[in-house]
Amino acid sequence: MERSLAPDRLATLVGDFPRSPAYRGLRQALQELIGDGRIPLGTRLPSERAVTRALGVSRNTVTRAYADLVAAGFATARQGAGTYATVPIDRRRAHDHALHTVDRAHAADGVIDLNCAAGAATPGVAAAYARALDALPAYLASDGYLPSGLPALRARVAAGYTQRGLPTAVEQIVITTGALSATAIIARALTRPGDRVMIESPVYSNAIEALRLGGGRLVSAPLADALGDEGWDLAAIDATLRQTAPRIAYLIPDFQNPTGFLMDDAQRARYAAALHATRTVAIVDETLQSTGLGDAPMPAPFALHAPDTYTVGSASKLCWGGLRVGWIRAPREAVDRLIAARVQMDLGSSLFDQLVVAEMLDADDVLSARREQLRQRRDALAGALREHLPDWRFRLPDGGMSLWVRMPHGSATQLAVDVERRGVHLAPGPVFSVEGGADQWLRIPFARPEEQLVQAVRVMADAWSARPQEPGVPSRRGTRLIA
């Protein structure tokens, strides 16, 4: 189903754009909105006549702005059908290393890999492995296949949800081989090839691929200005849901990856109501929920507002990526369907790793130390960016594991290529977009040691200063920047 942008919505998005000359200001505003995903690719723009009325500009202004937008590759004009948002072809190409962590065993000395938002194991993991090894003999007489997961770990995960205010029975928990596997299992159980799947933009890049491989037809739902405070553009999300009627929607309300936004309770309630109105089922990724770095209490779980939600969690971010253990909290009546879908992929997660995670989830002091470590690294990265790249902009998130950083101009994809030659691997914005927008953005994780983060920023600054300067796209007026 085709998506279209209403004239009044376009007027709200472009805001008080520069009008000297007006056609150029309108083109720049639209290019920015398409490039960072707030106008999703494939959306039909309002007619020139409708935009003329909505913005109070001349018809010639809109005609020239649309023509320049097409010439720049950010729109296509279809005879008799209208003008549609797109991006230049070269911006749709994913950076080679963006989805794959550098192989440490073969990486050159001094390489700093900032593709992966994960670091070394949390202190205490080795001790948890030792305790798990002591517990392992009790399970060796069994066949070791547990498609729904280790009962003790399922009980621990269920208790965690109940403590957060979401009553959960052990029977609602399915242990998986990581959060990505959990997402794929749910998609396989709930959708058929060709079903529409709504996904945030920008969003966790591996989720894009997992949902595509499941046969879903991805529909992007843009976030609001990533340098503002709103996070989710709920009006646009509601319109997308009504226009496309997706079967499922994938969202990350807790320190959204890559932007770091945290969805508040009022937004969760409104989002859940919009999903209910279109009978769309939510897959809620809570992988980063436990990485809160502030003192404010976390919002209630999304599933409190939408009981049919499938919630995904993982031990990898706070514990260690080498522990491939995740889980699904599902409506009770859906668990058998999930298990049936799961056994088509594997027969269960590593029992030993599940024993380790059960130990780690009880180690509150260890996890608190991890959060303090992340807080210090976040602040070190932010300080280095302010010092060495003062024109770059970002919000300082209250959790998560990365900064979503905007360059004042130029291509993040090209910069990633430049800094890779200097020993730093980065993930540019197009990797986190369904169709390759957001090419002025970079995701910079802060999971690595402070000295590596500072060194990486210095390398970026050197590469940045060596590039030709070009005029930047003006930021939206009234946006509060925290950088």
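A word on the ground rules. This is a predicted model, so local features need a pLDDT of at least 70 and side-chain atom pairs count only at pLDDT 80 or more, while totals for chains, interfaces and linings use all residues. Residues are numbered from 1 along each chain as its sequence is written, and side-chain values use heavy atoms, with hydrogens and water left out.

Let's start with the whole chain. You'll find 15 helices and 15 strands in it; helices (H or I, at least four residues) and strands (E, at least two) are DSSP runs, numbered from the N terminus. The radius of gyration is 23 Å, close to the 23 Å from the globule rule for 483 residues, so the chain is as compact as a globular protein of that length. That radius is taken over C-alpha atoms, and the rule is 2.2 Å times the number of residues to the power 0.38. Along the principal axes, the C-alpha atoms fill a box of roughly 80 × 50 × 40 Å.

How much of the chain is buried? Of the 483 residues, 55% are, where buried means under 20% relative accessible area, exposed means over 50%, and partly exposed is in between (1.4 Å probe, protein chains only). The chain exposes about 19800 Å², and carbon and sulfur atoms supply 51% of that; the areas come from the Shrake-Rupley method with a 1.4 Å probe, and for residues only the protein chains shown count as cover. Now take contacts (heavy atoms within 4.5 Å): among those between residues at least 6 apart in sequence, 75% join residues at least 24 apart.

Next, the salt bridges. There are 14 of them, each a side-chain nitrogen of Lys or Arg within 4 Å of a carboxyl oxygen of Asp or Glu. In one, the side chains of Asp233 and Arg9 meet at 2.0 Å, N to O. This pair links distant parts of the chain, 224 residues apart: Arg9 is in helix 1 (residues 7–14), and Asp233 is in the loop between strand 6 (217–222) and helix 9 (234–244). Asp233 counts as buried because its relative accessibility is 8%, and Arg9 counts as buried too, at 18%.

Another bridge joins Arg332 to Glu171, with the closest N and O atoms 3.7 Å apart. Arg332 sits in the loop between strand 10 (326–329) and helix 11 (335–342), and Glu171 in the loop between helix 6 (151–163) and strand 4 (173–176), so the pair ties together parts 161 residues apart in sequence. Glu171 is partly exposed, at 44%. Arg342 bridges to Asp346 at 2.5 Å between the closest N and O atoms; Arg342 is buried, at 0%, whereas Asp346 is partly exposed, at 22%. Asp418, Arg421 and Arg467 are linked in a salt-bridge network.

Four strands form an open, antiparallel sheet in the order 11-12-15-14, with strand 11 (393–394) and strand 14 (427–428) at the edges, each pairing on one side only. Strands pair if DSSP finds at least two bridges between them, and two bridges join strand 14 to strand 15 (residues 441–445). Ala427 stands opposite Arg443 in strand 15.

Finally, look at His425 in strand 13 (residues 424–425). His425 counts as buried, at 8% relative accessibility. His425 and Asn115 are 310 residues apart in sequence, but 6.0 Å apart in space, C-alpha to C-alpha.
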